[in-house]
Amino acid sequence: MFTQALVLLLTAISSPTQSDHSADRDVLTRGVTALVAPQALVGVLSVSGNAFVIATGTQSKGQVPVFAATRVERGRVIAGAHEAFFSSLAMQNPSNGRFFGNALAWVGGKGGLDGLRVGLLGYGFLEGPLRQAGAVPTTLSSQSLETIADQLDVVCTTPGALDNNPSGQIALMRFVKKGRGLVIAGPAWGWLQLNPRLDLLADHPGNRMLFPYGICFADGTAHQEFLPERSGAVLFNADAALGALKGGGLSVADRTTAVYTLERALALTPPTSGGLTAEVIKGAASEPGNGIPTAQTPVTVETPFSRLKAWIDMRTMRTLTPKEVKAHPSASAFPGVVTNSKRINQAVTIDTSVPEWHGTGLYAAPGEVVLVEIPEGATSGGLFVRVGPHTDTLWQLDKWTRFPSISITKPLSQEQTQIASAFGGTIYIDVPNGCRLDKVQVTINHAVPAARYVRGKTSAAQWKSQLGTSAAPWAELEGNLVSISVPLSSAKKIVDPAALMAFWDEMMKNCYAFYAAPVRPRPERYCPDIEISAGYMHSGYPVMTHLDVADTFCDLATLKAKGHTWGFYHEMGHNFQQNAWTWEGTGEVTNNFFSLYGSEKLNGVTPANYGEAHPAMAPKAVRERLVKYLADGAHYDKWRSDPFLALSMYAQLREQFGWEPFTRLFEEYRTLRPSEQPKSDIEKRDRWMVRFSKLVRKNLGPFFTAWGVPTTEAAKKSIANLPTWMPTDWPK
């Protein structure tokens, strides 16, 4: 942490004011186009006060600073997000060499490199090139920093070279304040990996020195293109971004840039401090919903302070002990309120031969401490306690109808573990793969009883009683192969839980059979949410979907009917897709094999009536799509960009040859050694065509050609001895 001397040195400054910096920026970027950082994962900077951005990189969120400059009393500093910008390989790019020269000249205050005395700490490889450019380089050691004051004009270093050297950091800042220059570059993410227990703001050498002057090395990474910033980039400065958001009138793009700039600044700011944190909380209170995301008043890009407040809330919650956690105001809207004060202590037996989530029939109330007890011999088993099945995080979305992250976990590494969630949630014990603890008794204290149906164990009377007495807003239904989390209100609509879970197990049994896949040691999971991270549904553990599907999960009559289950099968198909037989453009196709298969087996749909499973697969729609595709030239780019067009090709194979060849093909692929797996797309197409042809004893080469799906001549030749097959109703 800060030494007393360093605190006194760095805090005894006046707050800087912003200026245009356009003249400085012009000097620094003169002759510079695009920068490179070969073989490097570049970091990110956070900029505030009188510091200004010189160059930016790219993130999914937009442009982010990778170089910034500031004045430190009479001296100058340039900070970069990776030292690789100045590597020997990078210097082969003319813009990197020009930028480095501009930077040294600017911080040195001499207008050029001729005679510039440059100290190199961690940059010894630059001694030769600098000498050739007319500078006077000297290789330094960290111990020599206290004696450099009158011997050098500029020091180039990395933050890591100053680690565990507070006296050297102080000496270097004194050197700069007297009118000298500093160039310092390195990624914060790398420092964090080497120092996982240290604080990025308080312990990072660069931040200890430069935070008071508006530059921080922030966590995160940036990617190409790395471009000089000549436009002013005012919204990359946290103080300017805050002022712009308060003033309003920003475009969506500018508002987004300002929010992400402030997110970086907040990540480096203690969440309990005033200043920026207080300004954000004040701003959120003036927006609709007072910064509390709900379905009625969602947080959107139009409520930037509410978005920022969520980041503050998240960081604050991570610093709290379980006893300090309070219920978040949004918890009552989602996942819901606990309806009475009854709390129980209950022991549950966990069979650790079954990995991942184990339901307990218990619920953690928002803001309340739950105590989990395990035997001494289980503390090294890698068990976790999880609160909440809603694992999707929503930070990247433009709209939040709930808080962006509401599920938490904690390792059970001690005999007693306290956990508290600000949002509450169903309690699970999470078992790692390969756990050898056998059966473990876990006692959960101060929890709320939640409705939990287990197929073959829970009687109809017990289930009815649970529904009538449960104070938890969510329920669980567990089959042998599938488990479902649903709101209590949906669970109460279930007519026959045994028949319902028998259906879900049958669906899963069919999935395993169709894909010739070994049965996984744990059930698959489905979970509805008021908002999910991507799409209307997405695959995974659990498969996530929107809340309006919860009643369908529980309605056996609807599940057995036609036209309601495509999405359920689609996402489970994703969970079984294999890379070996899924090539580019078929990621949303080969999973739909099971959408068709499941619709046939469980919903009574036939190929002649595939439109009952999905309108896009109705024979008339398929025919019209194919005719148009062929008339337009049967271009493969179109085939691989239209999932239902591509699926229609496979459906023709199914209609002629049935599903058995598909299953036999999947089984063959599972027996391939790693060296036999197809590596490229063309290999995947070749293998599929050849293997399927041999299974059905027909030459499918002309069929693939007619569909415009490229395969090699060698592959076609290998099956040329088989009888050619084409659909009898192929358009003329």
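Where does Asn164 lie? I looked this up in what is a predicted model, and I found Asn164 in the loop between β7 (154-157) and α5 (166-177).

**Entry on positive phi, Asn164.** I noted that Asn164 is not a glycine and still has a positive phi, of about 55°. I then checked its accessibility, and because exposed stands for over 50% relative accessible area, the 78% computed for Asn164 puts this residue in the exposed class.

**Entry on positive phi, His446.** I next turned to His446, another residue that is not glycine, and read a positive phi near 65°. For its place in the fold I wrote down strand β19, which covers residues 439-449.

**Entry on cis peptide bonds, Pro335.** I went on to the peptide bonds and recorded that Phe334 and Pro335 are joined by a cis bond, for which omega is about 10°. When I followed the chain around Pro335, I placed this proline in the loop that runs between α12 (304-319) and β11 (344-351).

I located Pro542 in the loop between β24 (537-538) and β25 (543-546).

Key. Residues are numbered from 1 along each chain as its sequence is written. This is a predicted model: local features need pLDDT of at least 70, side-chain atom pairs count only at pLDDT 80 or more; totals for chains, interfaces and linings use all residues. Side-chain values use heavy atoms; hydrogens and water are left out. Helices (H or I, at least four residues) and strands (E, at least two) are DSSP runs, numbered from the N terminus. Buried means under 20% relative accessible area, exposed over 50%, partly exposed in between (1.4 Å probe, protein chains only).
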